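This briefing concerns the structure shown below.

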Amino acid sequence: MRHGILSKIRVLDQPNTNFPLTEVSSVTEFSVASALQNYINSDHPSHGRKIHPLILKAGIKPNVNISIKLLIMYVKSSCLSDARQVFDELPRRTLSAYNYMISGYTKHGFVDKSFDLVRELCLSNEKPDGYTFSMILKGSTSGNAGSRLPFTGREVHAQILKSNVEGDDVLYTALVDSYVKSGRVEYARRVFDLMLDQNVICSTSMITGYMNQGRLEDAEDVFHKTVEKDVVVYNAMIEGYSKSVETAKKAIHIFIDMQSLNFRPTISTFASIIGACSLLSAFEIGQQIQGQLMKTELFTDIKIGSALIDMYSKCGRTDDARSIFDSMPRKNVYSWTSMIDGYGKNGCPNESLELFDRMISERHTKPNYVTFLGALSACAHAGLVAKGRKIFECMDRVYSMKPRMEHYACMVDLLGRAGSLNQALQFVMQMSERPNSDVWAALLSSCRLHGDVELAKIAANELFKVSGESRPGAYVALSNALADAGKWDSVSQLRELMKARGISKGTGFTWIGTDAGLEAFHVGQSL
């Protein structure tokens, strides 16, 4: 029987699987360990699962070495329950066994189980090493740890120092990433500066952290000091620049520079640069990027299609956006929403609502909160009160989506635009939550549109209570409503009140395309 088992292990260890043939006359610990290691190093470690039952049938009691190899094989094969069984049956749980099990749980999103093992490790005779701490940090920032984190970056950092653990790139990178994700960029920079070899992964984390806090100069400093750059670090710069209209032009320059250095843009690169074109209303550049995309397999990706629809819509080119929409082989909620919202914001409410109805009727894609907002806005611009009410009511009734403040504000705007000011006020009074400034601002705007000064005063007073000095436009809107009604004494009193409270409204401006790029053109300024 033992020789029959040996032949099966030999079959599993044949050259056609790229493993060397075991030259022994009986099953040995060495042959089993060798076969397992070969499977661990292969592209298909799960094929090695066949060895475990053969070992048991052969009557071999796995030693620590074989057990840990079985554990590694199961972890790499994503068979965590089998890995845990091997771990629990270990005669002695070594630090490496703990690390492999903790790593498996962390990488597969079972962070709570990972942390339970960390606690167990700390109570055993083993002590965490740098790899253990790096896994704790990754688990704490993975998004699967829940709202109450048992470990924070600072606590782990303190334990590292107390334990005299020798740091390496893996540990320092995890520590930098942990500090960045918790918003403690200064602490991250201190660790980053201590590293002798500042790798590109750490640089990318630092750049992302600085960009998220609007610290562009610091991000640029790290970028320029990064000796060996890759496409990911370029992506971090492009994504950061593409979040603001003031810096979007820099995103385009970085995009051009990276390609001149033979870095191939990824889907993240293209998504960010298309977003920059949206902010700049630079559809000509967007068209060039689309032409570049059409030469790649990325053009049919949903994320790219949705980004192009959004870009063309924000540039006022709804026909181009619809062409992209219709050519997409697959669509998701973002594709539909971008097109619905694009039509609505470009004065095509009927086309927006037609597409919304088609989305609902096909039932392939469930609308999200932004989809409903776009549909309600289209109803407001088209004056379709009954349809707007139907859409608003179906959010909760059909899709179990409780309307948010922006949806209530849109309904007030819909009723107000149609001249149903009393209904709009009644709608506000019946809200289950306290109306915010957007709701009262929508009512105030409608009051001015229809010349209802008394109701405008009510809306303005409520708006002042909620927003205080944060919305100077509310004072201006009330002032304009009073002026339209010829109540100039009240206008003067309101303006004196604004002066007394130190409230001023910024000058209006628009973005104008020039040879130098997109520039802000303010009221009273000459070209």
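Cysteine 348 counts as buried, because its relative accessibility of 17% falls under the 20% limit. Cysteine 122, at 48% relative accessibility, counts as partly exposed. A search of the whole structure, which is a predicted model, finds zero disulfides.

**Overall composition**

- The protein has 527 residues, of which 46% count as buried.
- Its secondary structure comes to 29 helices and two strands.
- Among contacts in the protein with a separation of 6 or more, 57% are between residues 24 or more positions apart.

**Salt bridges**

- Side chains of opposite charge can pair when their charged atoms come close.
- The count of salt bridges in this model comes to 22.
- Lysine 181 forms a salt bridge with aspartate 177, and the closest N and O atoms of the two are 3.1 Å apart.
- Both lysine 181 and aspartate 177 belong to helix H10, which covers residues 169-181. They are four residues apart, about one turn of the helix.
- Lysine 181 counts as exposed, because its relative accessibility of 53% is over the 50% limit.
- A salt bridge also joins the side chains of arginine 189 and aspartate 221, at 3.2 Å from N to O.
- This pair links distant parts of the chain, with arginine 189 in helix H11 (residues 185-194) and aspartate 221 in helix H13 (residues 216-225). The two residues are 32 residues apart.
- Arginine 189 is buried, with a relative accessible area of 14%, whereas aspartate 221 counts as partly exposed at 27% relative accessibility.
- Salt bridges that share partners join Arg84, Asp88, Arg93 and Glu120 into one network.
- Within that network, the side chains of arginine 93 and aspartate 88 meet in a salt bridge of 3.5 Å, N to O.
- Arginine 93 counts as partly exposed, at 26% relative accessibility. Aspartate 88 also counts as partly exposed, at 38% relative accessibility.

**Packing of helices H4 and H6**

- Two packed helices are described by the angle between their axes and the distance between the axes.
- The axes of helix H4 (residues 64-76) and helix H6 (residues 95-107) come within 10 Å and cross at roughly 10°.
- H4 is therefore roughly parallel to H6, because angles under 35 degrees count as roughly parallel.
- On the H4 side, the contact is made by Ile68, Leu71, Ile72 and Val75. On the H6 side, Ser96, Ala97, Tyr100, Met101 and Gly104 take part.
- By class, the contact of H4 with H6 has seven nonpolar residues, two polar residues and no charged residues.

**Serine 103 in helix H6**

- Serine 103 lies in helix H6.
- Serine 103 counts as buried, because its relative accessibility of 5% is under the 20% limit.
- Leaving aside neighbours within four places in sequence, serine 103 is in contact with Tyr131 and Met135.
- Serine 103 and tyrosine 131 are 28 residues apart along the chain, and their C-alpha atoms are separated by 9.0 Å.

**Loop serines with a positive phi**

- Most residues other than glycine have a negative phi.
- Serine 281 has a positive phi of about 55° although it is not a glycine.
- The position of serine 281 is in the loop between helix H16 (267-280) and helix H17 (283-293).
- Serine 281 is partly exposed, with a relative accessible area of 39%.
- Serine 400 likewise is not a glycine, and its phi is positive at about 55°.
- Serine 400 is found in the loop between helix H23 (385-399) and helix H24 (405-417).
- Serine 400 is exposed, because its relative accessible area of 62% is over the 50% limit.

Methods
Residues numbered from 1 in each chain as written. Predicted model: local features only at pLDDT ≥ 70, side-chain atom pairs only at ≥ 80, totals over all residues. Heavy atoms only, no water. Salt bridge = Lys/Arg side-chain N within 4 Å of Asp/Glu carboxyl O. Buried < 20%, exposed > 50% of the residue type's maximum accessible area, 1.4 Å probe, protein only. Disulfide = S-S within 2.5 Å. Axes fitted to C-alpha atoms, helices over the stretch in contact; angles between N-to-C directions. Parallel < 35°, antiparallel > 145°, perpendicular 65-115°, else oblique. Contact = heavy atoms within 4.5 Å. Nonpolar A, V, L, I, M, F, W, Y, C, P; charged D, E, K, R; others polar.
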